[in-house]
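Visitor: I am new here and would like a walk through this structure. Could you show it to me, and may I ask as we go?

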Amino acid sequence: MTVFADLTRPDYPMAAQRTAETERLAMPTTPQKDSPYNILALPPETILILLAQGLERQYDTLRNNRSVVRQKQTELDASLIAALPRLSALYMCEGKEDKAASVHKLMEMATTPLKEWGIDYFAKEDFPYQDVILIDPQTLAPTPESFELAAKSGGYGEDQILEDHYHTQVRDLVQSARTRRDQLYTSIREFIVRHPLATIREIEDWKDSLRFPKAKPTLASFYRDIPVGWTHDGTVHQCSNCGGLLKPHPDKRLYPDGICVVSNCRKKGIFHKTDELSDSQDMKLLKNQLLTYWVGPGLDEIKIYDAAKAAGRNAALYPSSDACDISLDGFAVGIDAKSYTSAMLLIKRLNNSIGRLIEYDRKIIAVSDELDDRFGNYMATLRSEKKDAANDLEFITVGALIRSIHSGEI
Ligand SMILES: [Zn+2]
């Protein structure tokens with residue numbers, strides 16, 4: 001996939017319309033290693049985006065129902081509910097009085113610039129949103145800047161925002177390198193996709209092998225300790241299909257070795273554990289958003305790439321810093337793997353834009369085998385509904401693509 005998170009993102013045209021204003025509200029200034037903000041579940045910028053999304057959706061609900069905001073779980077938008085305690089945590093980690101405990105107080109505060117909220121982080125000289133006002137004091141509607149912030153990560157909800165955050169981190173890291181940018185990009189993505197679970201030694205060796213010391217803290221932050229409840233009496237079960245972790249499951253008959261934490265892997269079947277048993281103390285697991293949005297779609301990407309290499313083809317993975325997922329013979333063939341469960345949603349997105357796949361002579365969309373239903377409806381929908389940007393695309397299942405690569409047809 002060219003864009004990591006497009007798997008389940010709702011259509012959101014604003015995200016595509018990157019205006020000058022969006023660029024101004026550009027990259028987050030992520031807290032550094034020993035920062036007091038590290039205790040937060042989300043970086044402050046992410047909390048802010050979540051809040052802007054919550055305000056936008058709450059405003060829509062109020063407008064449609066002509067009602068007023070009440071501080072009740074059932075009546076508040078989910079993003080707003082998630083944002084409030086996280087904003088409170090931000091006050092607390094600065095040792096400040098919590099002004100986010102009441103949604104009414106928050107709405108009032110949102111009509112003033114962020115730097116006046118009593119949070120040092122938002123008032124910092126280098127904080128790009130310090131003057132942003134989220135709600136217009138006159139109309140009480142979210143401001144254009146608030147909409148821009150809400151659209152910044154290209155999708156709604158905490159997972160989407162965090163996924164975009166990780167994507168941005170890798171992109172920024174790679175851009176900061178003086179040379180080897182494309183090579184670094186591929187090395188980082190490929191290791192993560194191939195190692196949803198890794199030993200501490202493997203992660204250390206990988207970081208050393210990149211010869212890019214600056215990247216070490218960021219890359220380390222992608223992995224976390226394995227929760228005790230996800231082990232089998234302290235032992236880790238590794239999935240024999242994707243290399244992820246098999247979590248203990250109450251249905252021991254169906255999942256004797258546990259259930260895989262990678263959702264795309266679960267769609268492909270039930271897999272046993274590998275023979276290797278490891279102590280959970282020696283291993284790390286990727287963070288949830290990376291398991292879902294990088295490793296999941298990556299299963300098909302890696303499968304195609306490995307098959308092309310095995311067939312002796314001139315293949316590249318995530319070439320030119322992610323112009324497509326796999327290329328064959330330079331710009332002769334570009335392949336993007338897709339695993340959307342809805343063919344309609346996928347083709348609508350592709351009709352709108354095919355991203356940098358446009359740079360390739362032959363443009364191929366490879367669809368996960370498990371989506372190709374018995375009656376061929378999924379593939380038929382893609383072929384019959386394609387238009388505009390998607391006109392030149394070829395659609396094929398991953399299995400058929402691999403056979404064609406072997407036979408030399410593609
Ligand atoms: Zn798996």
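Visitor: At what angle do helix H8 and H13 pack?
Guide: Gladly! This is a predicted model, where local features need pLDDT of at least 70, side-chain atom pairs count only at pLDDT 80 or more, and totals for chains, interfaces and linings use all residues. Residues are numbered from 1 along each chain as its sequence is written. Helix H8 covers residues 158–176, and its axis lies 9 Å from that of H13; axes are lines fitted to C-alpha atoms, for helices over the stretch in contact, with angles from 0 to 180 degrees between N-to-C directions. H8 and H13 pack at an angle of about 75°.

Visitor: Is H8 roughly parallel or roughly perpendicular to H13?
Guide: Angles under 35 degrees count as roughly parallel, over 145 as roughly antiparallel, 65 to 115 as roughly perpendicular and the rest as oblique. With the angle at about 75°, H8 is therefore, relative to H13, roughly perpendicular.

Visitor: Which residues of H13 does H8 meet?
Guide: Two residues are in contact if their C-beta atoms, placed from the backbone, lie within 7 Å. The residues of this contact divide into four nonpolar (Ala, Val, Leu, Ile, Met, Phe, Trp, Tyr, Cys and Pro), two polar (the others, Gly among them) and two charged (Asp, Glu, Lys and Arg). From H8 come Asp159, Leu162, Glu163 and Tyr166, and in H13 they meet Gln289, Leu290, Thr292 and Tyr293.

Visitor: How many helices and strands does the protein chain have?
Guide: Helices (H or I, at least four residues) and strands (E, at least two) are DSSP runs, numbered from the N terminus. In the protein chain, that gives 17 helices and 12 strands.

Visitor: What is the order of the open sheet of five strands?
Guide: Two strands pair if DSSP finds at least two bridges between them. Strands E8 (315–317) and E12 (393–397) stand at the edges with a single partner strand each, so one side of each has no neighbour in the sheet. Direction ignored, neighbouring strands here are turned by 25° against each other on average. The pairing is mixed, and the order is E8-E9-E10-E11-E12.

Visitor: Do E10 and E11 run parallel or antiparallel?
Guide: E9 and E10 are joined by three bridges and run antiparallel, with Ile326 opposite Ile335 in E10. Between E10 and E11 (residues 362–367) there are six bridges; there, Val333 has Arg362 as its bridge partner, and Lys338 has Val367. E10 and E11 run parallel.

Visitor: Which residue in the turn between E9 and E10 has a positive phi?
Guide: E9 and E10 form a hairpin, with four residues between them. The residue in that turn with a positive phi, about 50°, is Asp329.

Visitor: How many residues of strand E10 are buried?
Guide: A residue is buried if 20 or more other C-beta atoms lie within 10 Å of its own, exposed if 12 or fewer, and partly exposed in between, with C-beta atoms placed from the backbone. Val333, Ile335 and Ala337 are buried on one side of E10, and Gly334, Asp336 and Lys338 on the other. E10 (residues 333–338) is mostly covered, and the count is six of six.

Visitor: How far apart in space are Gly334 and Arg362, C-alpha to C-alpha?
Guide: Gly334 is found in strand E10 and is buried, with 27 other C-beta atoms within 10 Å. Leaving aside neighbours within four places in sequence, its contacts include Ala323, Leu357 and Ile364. Gly334 and Arg362 are 28 residues apart in sequence, and in space they are apart by 6.2 Å.

Visitor: What share of the residues of the protein chain count as buried?
Guide: Helix H7 (residues 144–151) is largely enclosed by the rest of the structure, because six of its eight residues are buried. Phe147 and Leu149 are among them. Of the 410 residues of the protein chain, the share that count as buried is 39%.
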